Amino acid sequence: MTVYRTNITTKKIFFSISFGMILSIFGLSGVSLIISPDVLGLVLFYWAMVGGDARPKLGTAFVLGCFVDILSGQIVGLHSLKYLLLVLVSMQFDNRFRMSTPLHKITFVMITFFLVELLLSGLLSLYMSMPLFTERLIAAGVWGLIWPLMGFLIQKDYSRVVVK
Amino acid sequence: MPLATSTIKGIKFSFFFRLFVYVSFALTLIVLDTKKQAFNPIKEKLSDFDVLINEKLSPIKTYTDGLYAHFSSKAEIAKKHEELKQKQLVTDVQLQRLSSLENRLVELEELLNLKLKSNSSMFIATVIDASDSPYEQWLKVRFNVNAPISAGDYVVNGDGLAGQILSINEDTGLVRLISDQRASVHVEVLRTGFRAVLFGSGEYGLLKLKFVPESVDVKEGDVLITSGIGDQYPFGVPVGKVTSVNKEIASSFSRIIVKTSADPNSERDFLILTDLVSDDVFSPEH
C-alpha cells in the first residue's frame, strides 16, 4: 500500500509567508490596490487552518500585520487586527474545516474574508469617517476562490511513504 | 480529569488573554496613526527606501518593457502587414478599373473631336455585344433611338473604318466588321488614287486587296481610304495600311495584305456616319 504524505516544515511556511508579504506590500501588476488580494492574509489563514502545531501564532500575525501596514503605507494596526481575527477564526474552526469538502472550504474562506473585511471597513467608516469601498468587500470574498490553488502550490509534495 | 480540564481551560484563557492584548494594541496603533499621525516619519523614510528600490529595479523593468514592446510590435507589424496587403489588393483592382476608364475617356475624346470637326451627321454608338464565333465578326451596338441611322451606314472610330450597319432594331444595330470574310469595301490607295475592292479575310484586323494586277503600283505602307464610289458612302475614311505585297503563284494578280486602321475589338464606343464626311476629318497619316 502506498500513502501520500504532506510534509509541513517551518522552511516552507517561512518562504510562503515571505512571498505573500512581498505580494501584499507591492501588489499585483495591473490590479487596482482596492481590489488587490491580501495574499499574506490568505497564506496566513491557510497555515493557521492546516498547519496544526506549526500554525502561526498571535504574535507572528500581529508583527506581520504591522510590517505590511508600515511598508505599504497603510494605517498601522489595520492588517494586524485583520490577521489576529483570522487566527482566532482558525483556532475555533480548524478541525471542522480540515474534515469538510473542498466546496465547503472555499465557501467558508470567502465568507470569513468578507466578514473580516466588512468589520474592519465598518470600524474605519464609523470611527475614522473613511469611505466604505464595496468593491473591496466583494473582492475580499472573491479572492477566496483561489484557496484550492493555494493548497496545490504551497503544500504539493511528491514524497511517498510505503506502508507494508 | 480535573488536572487536564484545568490545563485546557488555562490554555484557552491564556489564548484569549493574549488575543485581547494584541487586539487592544492593534486598535491603539490604529488610533495613533489616524488621529496623531504618529507613524508618518517612519512611513516617509520607508517611502524613500521604496523609491530607491524602484529606481534600482527600473532598468530591469525598462528591459522587460522593451522585450514586451519588441514582441508585441512584431505581432502588430505582422497584423498591419496583412491589413495592408488586403488594402493593396483592393487598391490594385480599383486602379485597373480607373485605367480602363481612362482609356475609355481617351476614346470618347477622340470621337468627340471627330464629331466636332465633321460637317456631317455622326451619332455615337456603344458596343453591347460581340461575336464569339471565329467565323463571324460582328458587334451589336446601341445608339439614340431618334438617330436617323439606316442599314449600310459606316461605323468608325478615331482611327478609321470599323464596319458597316447590317440591320437596325429600334435603338440597336448589328455591325459587320470589315475583317469579316463576307465584308467588302471600295477603297482607294491614297498615294496613287488606284481604286480596288478590299475584302475581309476572316482574321481579326486583316484584310485582302484582291484582283490587283502585278503591274499596279502598290507598296507596303500605302494607306487605303474609302473611295466613296457611287456617292452612297463617305469618301476618305481610313480603312487600313498595306503590310505585304506578294506575287500570287499561277496568277497575274498580287497578293496584298492590309492591316485595319481601327481595332474594333478593343473599343466600346464608335460613331455612325449617316452622311458624307468632309475631307479633313481623318488625318491622312492614320
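Which span should helix α5 (residues 102-128) of chain A have at 1.5 Å a residue, and how far apart are its end C-alpha atoms? In this predicted model, the 27 residues of α5(A) should span 39 Å, and the end C-alpha atoms lie 38 Å apart, which agrees.

**Helices of chain A**

- Within α5(A), the buried residues include A:Val109, A:Thr112 and A:Phe113, together with A:Val116 and A:Glu117.
- Just after α5(A) comes A:Ser129, which takes a positive phi of about 55°.
- Helix α1 (residues 10-26) and helix α2 (residues 39-50) of chain A have axes that come within 7 Å and cross at roughly 155°; because angles over 145 degrees count as roughly antiparallel, α1(A) is roughly antiparallel to α2(A).
- To this contact α1(A) brings A:Ile13, A:Ser16, A:Ile17, A:Gly20, A:Met21, A:Leu23 and A:Ser24, while α2(A) brings A:Val39, A:Leu40, A:Leu42, A:Val43, A:Leu44 and A:Trp47.
- Sorted by class, the contact of α1(A) with α2(A) has 10 nonpolar and 3 polar residues, and no charged residues.

**Make-up of chain B**

- Chain B has 2 helices and 12 strands, and along the sequence its pattern reads α-α-β-β-β-β-β-β-β-β-β-β-β-β.
- Of the 286 residues in chain B, 25% are buried.
- When contacts in chain B between residues at least 6 apart in sequence are considered, 59% of them join residues at least 24 apart.

**The barrel in chain B**

- In chain B, 6 strands close into a barrel with antiparallel pairing, in the order β6-β7-β8-β11-β10-β9, and neighbouring strands of this sheet are turned against each other by 45° on average, direction ignored.
- Strand β6 (residues 184-189) and strand β9 (residues 223-227) of chain B pair in the antiparallel sense over 3 bridges, and B:Glu188 stands opposite B:Ile225 in β9(B).
- As background, strands of a sheet pair through backbone hydrogen bonds, in either a parallel or an antiparallel manner.

**Contact between chains A and B**

- On the chain B side 16 residues are in contact with 15 residues of chain A, and α1 (2-36) and α2 (40-117) of chain B each supply at least two residues of the side that touches chain A.
- The largest share of that side of chain B, 11 residues, comes from α1(B).
- By class, the side of chain B that touches chain A consists of 11 nonpolar, 2 polar and 3 charged residues.

Notes. Residues numbered from 1 in each chain as written. Chains lettered and ligands numbered in written order. Predicted model: local features only at pLDDT ≥ 70, side-chain atom pairs only at ≥ 80, totals over all residues. Contact = placed C-beta atoms within 7 Å. Helix = DSSP H or I, 4+ residues; strand = E, 2+ residues; numbered from the N terminus. Nonpolar A, V, L, I, M, F, W, Y, C, P; charged D, E, K, R; others polar. Buried ≥ 20, exposed ≤ 12 C-beta atoms within 10 Å, placed from the backbone. Expected span 1.5 Å × (residues − 1). Pairing = 2+ DSSP bridges. Axes fitted to C-alpha atoms, helices over the stretch in contact; angles between N-to-C directions. Parallel < 35°, antiparallel > 145°, perpendicular 65-115°, else oblique.
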